[in-house]
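These notebook entries record what I looked up in one structure, entry by entry. The sequence and the model come first, and my notes follow.

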Amino acid sequence: GKKMVATTGTVHIRSFASFSPDEGVLYIYLLNKYGGPVWVKLIIDGCKVKMVEKAGHLKSKGPDDTDPVWNDNLILTKEDLRKLELPGTSISVIRLRTIRN
């Protein structure tokens with residue numbers, strides 16, 4: 001996206017987001033530094049999610065894994081964002097189509 005957006009995270013989960021206002025696209029980047037899966041609820045202020053356009057994650061076996069696996073064929077709906085599973089030691093990238101509130 002063209003503009004960075006403020007996010008919050010936890011000790012093990014880092015979050016970043018960027019927004020392209022002309023396209024109405026919000027990109028969310030979630031880093032799970034914990035070794036096991038973690039479930040998160042995405043709360044997005046300032047716009048409504050119309051649909052999840054694309055989602056993928058880079059998953060490793062741990063912080064020393066030099067051969068992580070990229071999967072960009074995740075199928076997510078906007079309802080899945082209420083309880084989203086982040087695999088252990090992973091980076092998830094989600095592209096959302098939005099509608100302004």
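**Entry 1: Thr98**

I looked up Thr98 and found that Thr98 counts as buried, at 11% relative accessibility. Here buried means under 20% relative accessible area, exposed over 50%, and partly exposed in between, with a 1.4 Å probe and protein chains only. I note that the model is predicted: local features need pLDDT of at least 70, side-chain atom pairs count only at pLDDT 80 or more, and totals for chains, interfaces and linings use all residues. Residues are numbered from 1 along each chain as its sequence is written, and side-chain values use heavy atoms, with hydrogens and water left out.

I placed Thr98 in strand 8. Helices (H or I, at least four residues) and strands (E, at least two) are DSSP runs, numbered from the N terminus. Setting aside residues up to four places away in sequence, I listed the partners that Thr98 touches as Phe19, Gly24, Val25, Leu26, Cys47, Lys48 and Lys50. Contact means heavy atoms within 4.5 Å.

**Entry 2: the chain as a whole**

I counted 0 helices and 8 strands in the chain. Along the sequence I read the pattern β-β-β-β-β-β-β-β.

I then compared the radius of gyration with the globule rule. A compact globule of 101 residues would have a radius near 13 Å, and the chain agrees because its own value is 13 Å. The radius is taken over C-alpha atoms, and the rule is 2.2 Å times the number of residues to the power 0.38. Taken along the principal axes, the box filled by the C-alpha atoms is roughly 40 × 25 × 25 Å.

I found that 36% of the 101 residues count as buried. Of the contacts with a separation of 6 or more, 60% come from residues 24 or more positions apart. The accessible surface comes to about 6700 Å², and 55% of that surface belongs to carbon and sulfur atoms. The areas come from the Shrake-Rupley method with a 1.4 Å probe; for residues, only the protein chains shown count as cover.

**Entry 3: Ser20 and Lys2**

I located Ser20 in strand 2, which spans residues 13-20. Ser20 is buried, with a relative accessible area of 3%. Beyond four places in sequence, Ser20 touches Gly1, Lys2, Val25 and Tyr27.

Lys2 is exposed, with a relative accessible area of 60%. Leaving aside neighbours within four places, I found Lys2 in contact with Phe19, Ser20 and Asp22. Lys2 and Tyr27 are 25 residues apart along the chain, and their C-alpha atoms are separated by 9.9 Å.

I recorded about 560 Å³ of space in the largest pocket. Its lining has 23 residues, and those closest to its centre are Ala6, Thr7, Thr8, Ile43 and Ile44. On a 1 Å grid over the protein atoms alone, a pocket is an open set of points with protein on both sides within 12 Å along at least five of seven lines; lining residues have an atom within 4 Å of a point. Grid points are joined across faces, edges and corners, and a volume is the space filled by probe spheres set on the points.

Which strand gives the most to the lining of the largest pocket? I found that strand 2 does, with 5 residues. Strand 2 and strand 3 (25-32) each supply at least two lining residues. By class, I noted 14 nonpolar, 6 polar and 3 charged residues in this lining. Ala, Val, Leu, Ile, Met, Phe, Trp, Tyr, Cys and Pro count as nonpolar, Asp, Glu, Lys and Arg as charged, and the others, Gly among them, as polar.

For the second largest pocket I recorded about 230 Å³ of space. Its lining consists of Lys41, Leu42, Ile43, Ile44, Val49, Lys78, Glu79, Leu81 and Arg82. By class, that lining has 5 nonpolar, no polar and 4 charged residues.

I found Thr89 in the loop between strand 7 and strand 8 (90-100). Thr89 counts as buried, at 15% relative accessibility. Its phi is near 45°, a positive value in a residue other than glycine.

I placed Thr77 in the loop between strand 6 (69-71) and strand 7 (84-86). Thr77 is partly exposed, with a relative accessible area of 38%. Thr77 and Met51 are 26 residues apart in sequence and 6.7 Å apart in space, C-alpha to C-alpha.

Pro63 counts as exposed, at 78% relative accessibility.

How values were computed: 1 Å grid on protein atoms, 1.4 Å probe; cavity = no way out; pocket = protein on both sides within 12 Å on 5 of 7 lines; lining within 4 Å.
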